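This report covers side-chain contacts.

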Amino acid sequence: MSDQILVLNSGSSSIKFALFTAAPEPVRGLHGNISGLGVSPAVRAWDGNGNPLRAQLPGEGPQQRDHAAALRWLLDWLNLEERGGQLVGAGHRVVHGGARHAEPVRIGPGMLDELEQLTPLASLHQPHNLVAIRALGKALPGLPQVACFDTAFHRTQPAVAQDFALPREITVAGVRRYGFHGLSYEHIASVLPRHLGTRAGGRVIVAHLGSGASLCAMKNCASVATTMGFTTLDGLMMGTRCGAIDPGVLLYFMRERGMSAAEIEDLLSRRSGLLGVSGLSGDVRELLASDDPRAREALELFVYRAARELGSLAAALAGLDALVFTAGVGEHAAPIRAMICERARWLGVELDGDANSRHERIISRAGSPVTVCVIPTDEEAVIARHTGRLLGAGGSLTPVTPAAGRRPV
């Protein structure tokens, strides 16, 4: 099995995990996810060929309460020593790196405290990203760990795309547009030449559409502008998040309804978006399958907002050569792609309906002024590549196994 890198993407109630070979071009092996933490935990896993593996969490126990116990169970279950492998490092998705971090970094003393300060800017994600790093550090104290930031890809944007129209001293203090989903966009940028040829370096908009959603305008495969800003609430309408909103609405909530900051955050982050508008669900699949008119209205608003932001980013690029759909909704919801493309016909988008229904890689008509394609994202592979590079994969890293210091479960 050779030297392995563990990649973790820790959410509020889940942990996605994957093992990669520690090589310049890492290869994915065993991977899966632990879901339902704190309620009814379950695990699903597959080998490197996509074959399902048997994995069973104990019926009762601390894994129902916290991420740390689930990670300890995971390390036991991976059982790398018996599989003939050695763990040499771990890479983590960390949503916010702030203004300071434009590249992945190896976790060192004080780093987690610094990243903790960014929690108010990504309250749905940052705490859970960091708890996985702390838990793994306790379980395997000698294991090198790397943080890969969703904000880093957007640091190539010009200042005019990052600044708010606020007093200069506030901007200098760090209140600016950061952008997110950078690991996803970085992967798409890395494979664009394979799918678009010379157009990859042109004016490209990538639509990362999932429960969280954003758009990114790229030129020469680098970020030029994006829809998310200071926090992950900005931009597109999402599963439970409102997206862009008039700041006056927030003042109204405070003055007229007497809402606290915590209540407003809960409303905008967890009770809005597709869920709030439909009153049914934040899941596009469920809304597409529903006959309830509220489901249709929610999806129409989702498409309208996406198409409107698409036009905004096309303006930032001064044109459009290619449109890429990715992430859960972007990759699998053909009706949503069709509705967005219909609203983007004025930009030169000509959709091939049959290709779209078949989920083909290129879904635009031959000769369409704008090439439209569907490319699966792979944030884990990006994390593995960065982790291997920073830790010197294939070099003289010291393997870390349970016998090297991990506490027993």
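## Arg-177 and Asp-234

Arg-177 counts as buried, at 18% relative accessibility. The model is predicted. The side chain of Arg-177 forms a salt bridge with that of Asp-234, 3.2 Å from N to O. Arg-177 sits in the loop between helix 6 (168-172) and helix 7 (182-196), and Asp-234 in the loop between strand 11 (222-226) and helix 8 (247-256), so the bridge ties together parts 57 residues apart in sequence.

## Other salt bridges

The structure holds 15 salt bridges. One of them joins Arg-28 and Asp-378, with the closest N and O atoms 2.5 Å apart. This pair links distant parts of the chain, 350 residues apart: Arg-28 is in strand 3 (residues 28-35), and Asp-378 is in the loop between strand 13 (371-374) and helix 16 (379-391). Arg-28 is partly exposed, at 25% relative accessible area. Asp-378 is buried, at 17%.

Arg-358 and Glu-360 also meet in a salt bridge, 2.6 Å from N to O. Arg-358 is exposed, with a relative accessible area of 53%. Glu-360 is partly exposed, at 31%. Elsewhere, salt bridges with shared partners join Asp-113, Glu-116 and Arg-134 into one network.

## Aromatic pairs

There are four aromatic pairs in the structure. One of them, Trp-73 with Trp-77, is stacked: 5.8 Å centre to centre, with 10° between the planes. Both residues lie in helix 1 (residues 67-78); they are four residues apart, so about one helical turn separates them. Trp-73 and Trp-77 are both buried. Ring pairs link Phe-17 with Trp-73 and Trp-77 in a cluster.

Note on methods
Residues numbered from 1 in each chain as written. Predicted model: local features only at pLDDT ≥ 70, side-chain atom pairs only at ≥ 80, totals over all residues. Heavy atoms only, no water. Phe/Tyr/Trp six-rings, centres within 6.5 Å; stacked < 30°, edge-to-face > 60°. Helix = DSSP H or I, 4+ residues; strand = E, 2+ residues; numbered from the N terminus. Buried < 20%, exposed > 50% of the residue type's maximum accessible area, 1.4 Å probe, protein only. Salt bridge = Lys/Arg side-chain N within 4 Å of Asp/Glu carboxyl O.
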